[in-house]
Amino acid sequence: MLRIFQQWLLVCMVAVFTFSFGILFWDQTRRAEENAAALIRAKIGDTLAQLAVNAESASALRGITDRAATAKARAFAELLRLDPSLARDNARLAALTATLDVDELHVCDHSGIITASSHQDLVGYDMKTSPQSLEFMPAVQSPAFSLVQPPMPRGAGGMLYQYAGVGRLDQPGIVQVGFYPHRLQTALAVAGAENISNGLRIGSGGSILILRNDTVIGSALRQWMGKSTEDFGLPAATPLDAAAHWTRSAGETFLYVASGYGEYTVLGLLPENEVYAGRNAGALYLIAGNLLLFGVLFLLVSLLVRRTVVAGVHGINASLAKITAGNLHEQVAVTGNPEFTALSGGINTMVDALRSAAADKEQRINRELALAKAIQQGALPDMLTTAPYQKEFDLFASMVPAKEVGGDFYDFFMIDQTHLGFAIADVSDKGIPAALFMMTAKAHLKNHMLAGSDLGEALTAVNDLLCQDNPTDMFVTCFAAALNIATGELTCVNAGHNPPFMAASKRDAYAPLAMKRHFVLGGLQGTRYVATTLTLAPGASLLLYTDGVTEAANPDAELYGENRLCSFINSEAIRPLSPKKLLSALKQTLDSFTNGAEQTDDITLLALEYRNGIDS
């Protein structure tokens, strides 16, 4: 009887084992395919997200480049209006390219004929003879016309080149600037689809492929570059339905998922042996575990449940609790049986992937912030632009953002030969959104001040423009002014900004400038701004600052304050200093006051000394 019972028990054990193993093997097969497809889709999602981020960044940089090009073209038109002899002097036009930071300058008459150019060989060219140049002809009829053409490859090297043009202000005609958008070229090269998939390997033998015109242009595995869908055994019209399909190529079977993005097809491939690697390994562990389980039967059931299952679940839960609390360095070390060993390995792999993804994302954000900081710093004016006017005035400015990019800005430029325009402003937010809003406000303000209109009307127009295109409801506090360097007449408008400090001479003390404080820019459509006019005597000085100075805090949360600032700049050792030395001394005393406390706001300063020929 014992022998018969053992035989039937063996038959039942084999039947149960075979049935259970078959069900589990089928389930692991299904899960392996689902997980592999999900992994491929996740990698494809990362690729599509990166393509979208790169396209958005390139589009934003293109907008900044276009606005800067329009501002340069309008500045050139204004210079031509103020000095029409420029239209007859090709040599001066060639020299002016460096001042405007462009590569070409052209002046056309009312017929669209280039009458003067920084390139002599283009004089006499008819703008109507080419579809590209013909697009600028409406500028002849409308001085308000402006056009910035998209970047186009130029020359054997394929470097991008852009033209921008506006209507002449002195007579009917066209003024045009041409330039190589180097930063945009670099951004487009970095954002190219060829560079996206290099780091998106799937397993050891799989990869994300980016195809254009049915040809692979990006892959983590170089041997697949240049191949077509036919080389992978795929139909010419590959279904872009995000569903998983099987294909066979060069004697190897792959699981693939395809998706579309604009002109690209994003394809994820994973070899069959890697799709089922986890299942096969699990099957071996499953066989060994079940044989052991049925072999020891009731003798070890309690021990296995208590020591392997319960203890393993508790160990994994304890590790998962630490992981969910944010500790991505926690390692699950539950190895009581093959299932928990595989589960621990899977969790550890997932945590490693999360940690790697977080590090990659942090690096990508840091790179983007560094690029944004470089773009923002590049938009600030160079102190050398005021070098020819050192006898009339001395000016220096600085900005230290609280983050990689800030919302403050300063600007100064010569409106014409006798008027210096300068401004300081503070956007109501921080980070990249504030920096983009700052660039928009700065461009509008400079454009309208360079146009030579009344300063109050200029700020009124800038306020209306900012209110029209302000989905984030940000606003700007601003102090803008224009100084006649020949007479000392100062015209200024305060749009909700900190009143600057003014000293009437080297012997006089600094005091806040008394004038009307208007509402902020971008806050209320239709706000009218009226300029205040006063006359500076030789030796008078101005100090403009943002609230990052007065609200700088030390470790005890004590603010630097306006009184402390006033006392410092009026001290005997500080008051006679030049603008550059004054700002350096002020930054040093702020650093000493804050004593290592975190900077919470941008610190921006601009100092001006009106000389009009007196010795400094």
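Over how many bridges do strand β8 and β12 pair, and in which sense? Strand β8, residues 206-212, pairs with β12 over 6 bridges in the antiparallel sense.

Before I continue, a word on the source. This is a predicted model, in which local features need pLDDT of at least 70 and side-chain atom pairs count only at pLDDT 80 or more, while totals for chains, interfaces and linings use all residues. Residues are numbered from 1 along each chain as its sequence is written, and side-chain values use heavy atoms, with hydrogens and water left out.

As to terms, helices (H or I, at least four residues) and strands (E, at least two) are DSSP runs, numbered from the N terminus. Two strands pair if DSSP finds at least two bridges between them.

Let me return to β12. β11 and β12 form a hairpin with 2 residues between them, and Gly-262 in the turn has a positive phi of about 60°. Strand β12, residues 264-271, is mostly covered, with 7 of its 8 residues buried. Here buried means under 20% relative accessible area, exposed means over 50%, and partly exposed lies in between (1.4 Å probe, protein chains only).

I turn now to an open sheet. It has 5 strands in the order β13-β23-β22-β18-β19, with antiparallel pairing. The edge strands, each pairing on one side only, are β13 (393-400) and β19 (511-512). Between β13 and β23, residues 603-610, there are 8 bridges, and the two strands run antiparallel. Met-399 stands opposite Thr-604 in β23. Helix α13, residues 579-594, packs on this sheet and touches β13, β22 (541-545) and β23, its direction making about 150° with that of β23. Contact means heavy atoms within 4.5 Å. The axes are lines fitted to C-alpha atoms, for helices over the stretch in contact, and the angles run from 0 to 180 degrees between N-to-C directions.

Next, the salt bridges, of which the structure holds 16. The criterion is a side-chain nitrogen of Lys or Arg within 4 Å of a carboxyl oxygen of Asp or Glu. Which side chain meets that of Asp-394 in a salt bridge? The partner is Arg-611, at 3.2 Å, N to O. This pair links distant parts of the chain, with Asp-394 in strand β13 and Arg-611 in the segment after β23, 217 residues apart. Asp-394 is buried because its relative accessible area is 11%, and Arg-611 is buried because its value is 10%.

Glu-558 forms a salt bridge with Arg-564, the closest N and O atoms being 3.1 Å apart. Glu-558 counts as partly exposed because its relative accessible area is 38%, and Arg-564 is partly exposed at 33%.

In a further salt bridge, the side chains of Arg-575 and Glu-572 meet at 3.6 Å, N to O. Is Arg-575 buried or exposed? Arg-575 counts as buried, because its relative accessibility is 17%, whereas Glu-572 counts as exposed at 61%.

Finally, Asp-27, Arg-30, Arg-31 and Glu-34 are linked in a network of salt bridges.
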